[in-house]
Amino acid sequence: MRRLDQLLANLGYCSRSEARDWVKSGAVTVRGEEADDFGARVNAADVCVDGAPLDHPDGLLLLLNKPLGLVCSHEAREGPNVYSLLPERWRRRNPQITSVGRLDKDTSGLILLTDLSPLVHRLTSPKHKVAKVYRATVDRDLSDDLIPRFAAGTLMLEGETEPCAPADLRIISSREAELTLTEGRYHQVRRMFAACGATVLTLHRARFGELDLGDLAPGAWRELPLDQFGSVAR
Ligand code: URA
């Protein structure tokens with residue numbers, strides 16, 4: 001049960017004081033009855049605004065095909081972000097919608113967005129070893145020697161003290177490869193290739209666990225069921 005004015009504000013409908021005015025104006029019903037107490041504790045599923053049920057009251061889980069040029073951070077000084085692709089009301093939600101891990105500004109592809117923070121923690125925890133598949137093009141011809149180097153679990157990244165976990169490299173053509181990681185360190189793909197003398201020119205994430213992009217265009221997203229990864233409590 002949640003307080004009515006707080007519920008509407010947290011779902012991005014309006015400010016808390018506007019919510020109070022909405023209730024007073026008769027725009028909000030609870031179980032079909034006009035609400036008259038903005039402080040009442042209600043079940044989100046019982047509430048309608050202007051006759052429509054509430055917008056995703058239990059949370060949101062989205063799969064986005066991130067385009068190049070957008071960041072996953074909410075910090076305005078880091079530039080335009082992926083949240084600008086979402087409807088306004090979702091951008092005003094509290095807890096806010098955030099990405100599950102991050103893709104760099106210059107990386108495209110599959111990223112999950114959610115306002116369910118336990119899910120973010122679960123899916124980004126190294127313990128869970130979610131496989132992420134990246135497709136990279138590089139500035140020089142790839143040698144087969146890289147396959148055992150990435151698979152060994154001994155590759156050190158500059159400035160780090162722990163080697164990377166074993167990673168699976170599949171060479172697709174002379175300068176293109178698919179790399180499967182179970183970790184998510186900062187700029188990991190670019191730094192792994194850099195540790196072997198190659199510069200990544202383009203990077204795209206094609207898969208996250210069992211999920212792929214299907215036919216989603218860059219900048220488009222689709223909703224996933226909230227129990228996609230098992231039950232999640234807020
Ligand atoms: N590795 C990178 O270097 N960049 C990303 O965006 C993701 C993984």
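Predicted model: local features only at pLDDT ≥ 70, side-chain atom pairs only at ≥ 80, totals over all residues.
1. Domain layout. The protein is split into domain 1 (2-53), domain 2 (61-125 + 212-223) and domain 3 (131-208). Between domain 1 and domain 2, the C-alpha centres are 28 Å apart.

2. Interface of domains 1 and 2. Five residues of domain 1 touch four residues of domain 2. The two domains bury about 470 Å² between them, with 38% of it on carbon and sulfur atoms. On the domain 1 side, Asn10, Leu11 and Gly12 lose the most area to domain 2, together 75% of what that side buries. That side has three nonpolar, two polar and no charged residues. Zero salt bridges are found across this interface, but two residue pairs are in polar contact.

3. Helix H6. In H6 (residues 188-195), the buried residues are Gln188, Val189, Arg191, Met192 and Phe193. These pack against helix H5 (146-151) and against strands S10 (132-138), S11 (168-173), S12 (176-181) and S13 (200-208). Glycine 197 follows H6 and has a positive phi, near 90 degrees.

4. Serine 108. This residue sits in strand S9 (residues 107-114). Beyond its neighbours within four places in sequence, serine 108 is in contact with residues including Lys66, Leu68 and Leu103.

5. The structure holds 19 salt bridges. In one of them, aspartate 55 pairs with arginine 89, the closest N and O atoms being 3.1 Å apart. Aspartate 55 is in the loop between S6 and S7 and arginine 89 is in helix H3, so the pair ties together parts 34 residues apart in sequence. Aspartate 55 is buried at 15% relative accessibility, whereas arginine 89 is partly exposed at 31%. Another salt bridge joins arginine 93 and aspartate 115 (3.0 Å, N to O). Arginine 93 lies in the loop between H3 and S8 and aspartate 115 in the loop between S9 and H4, so this pair ties together parts 22 residues apart in sequence. Arginine 93 is buried at 4%, and aspartate 115 is buried at 3%.

6. Other salt bridges. Arginine 190 and aspartate 104 form a salt bridge with closest N and O atoms 2.8 Å apart. Arginine 190 is in helix H6 and aspartate 104 in the loop between S8 and S9, 86 residues apart. Arg3, Asp5, Arg16 and Arg20 are joined in a salt-bridge network.

Notes: Residues numbered from 1 in each chain as written. Heavy atoms only, no water. Domains from an automatic or database assignment. Contact = heavy atoms within 4.5 Å. Buried area = accessible area lost by both parts, 1.4 Å probe. Salt bridge = Lys/Arg side-chain N within 4 Å of Asp/Glu carboxyl O. Polar contact = N/O pair within 3.5 Å; in protein donor to acceptor, adjacent residues only side chain to side chain. Nonpolar A, V, L, I, M, F, W, Y, C, P; charged D, E, K, R; others polar. Buried < 20%, exposed > 50% of the residue type's maximum accessible area, 1.4 Å probe, protein only. Helix = DSSP H or I, 4+ residues; strand = E, 2+ residues; numbered from the N terminus.
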